[in-house]
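Open the model in your viewer and keep the selection tool ready.

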Amino acid sequence: MLNSNFVKLAETLNKLCVKGYNTIDKSDIFDCLKSDFSLEWDNEILMQEINTLVTNKFIILKYQDEEVVCLAFTEMGEELINRINIAKQESQKAKKVSKKEQVEQSAKPLATSYDLSVPASQNEIMSSLTPSAIAKSKEKKSLKTFLIGLLGGILGGGISGAIITLLVLLL
């Protein structure tokens, strides 16, 4: 979606617009498209893409002539711009993460040492396998799991309830 022409035009118009109706020189639109996306459009292509935005109810076109257009973004258009910005941020994060992973992988040395943190004696290993030790660890785990589940249920239910209440009140 980020590569389609009407999305690029929406980004350009958003860059040139403020809230409400805006009268924009077509030459400014052409300059932004060229500098931001390396696109060279003529007047016909521009008007086709503007009509695509109008048809999809992303903008309202008040008037146009050979030099200027007067338009405003609709709520759907503003939502489109928000989604474009979110998608851009996510793709930038993904690029940063993949670059970071590459750096970390290249920085890791080859395994040249052994893990010396394992229990030294057989008695330590066997003592952790006795029925009483296993029962204690299960008891701790089940209590911990119960408490985490209870906390999650309370928080999740409270947050869900608050969101539903706000939606009902606002809509």
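Contact here means heavy atoms within 4.5 Å. Helices (H or I, at least four residues) and strands (E, at least two) are DSSP runs, numbered from the N terminus.

This is a predicted model: local features need pLDDT of at least 70, side-chain atom pairs count only at pLDDT 80 or more, and totals for chains, interfaces and linings use all residues. Residues are numbered from 1 along each chain as its sequence is written, and side-chain values use heavy atoms, with hydrogens and water left out.

**Stop 1: the helix pair.** Select residues 26-37, helix α2, and residues 43-55, helix α3. On the α2 side, pick K26, I29 and F30; they meet N43, L46 and M47 of α3. By class, this contact has four nonpolar, one polar and one charged residues (nonpolar: Ala, Val, Leu, Ile, Met, Phe, Trp, Tyr, Cys and Pro; charged: Asp, Glu, Lys and Arg; polar: the others, Gly among them).

**Stop 2: L9.** Select L9. Beyond its neighbours within four places in sequence, L9 is in contact with I29, L33, W41, L46, E49, I50 and L53.

**Stop 3: the whole chain.** Zoom out. Six helices and three strands make up the elements of the protein chain. From the N terminus, their order is α-β-α-α-β-β-α-α-α. Of the 171 residues, 20% are buried, that is, under 20% relative accessible area with a 1.4 Å probe, protein chains only. Among contacts with a separation of 6 or more, 50% join residues 24 or more positions apart.

How values were computed. Buried means under 20% relative accessible area, exposed over 50%, partly exposed in between (1.4 Å probe, protein chains only). Axes are lines fitted to C-alpha atoms, for helices over the stretch in contact, and angles run from 0 to 180 degrees between N-to-C directions.
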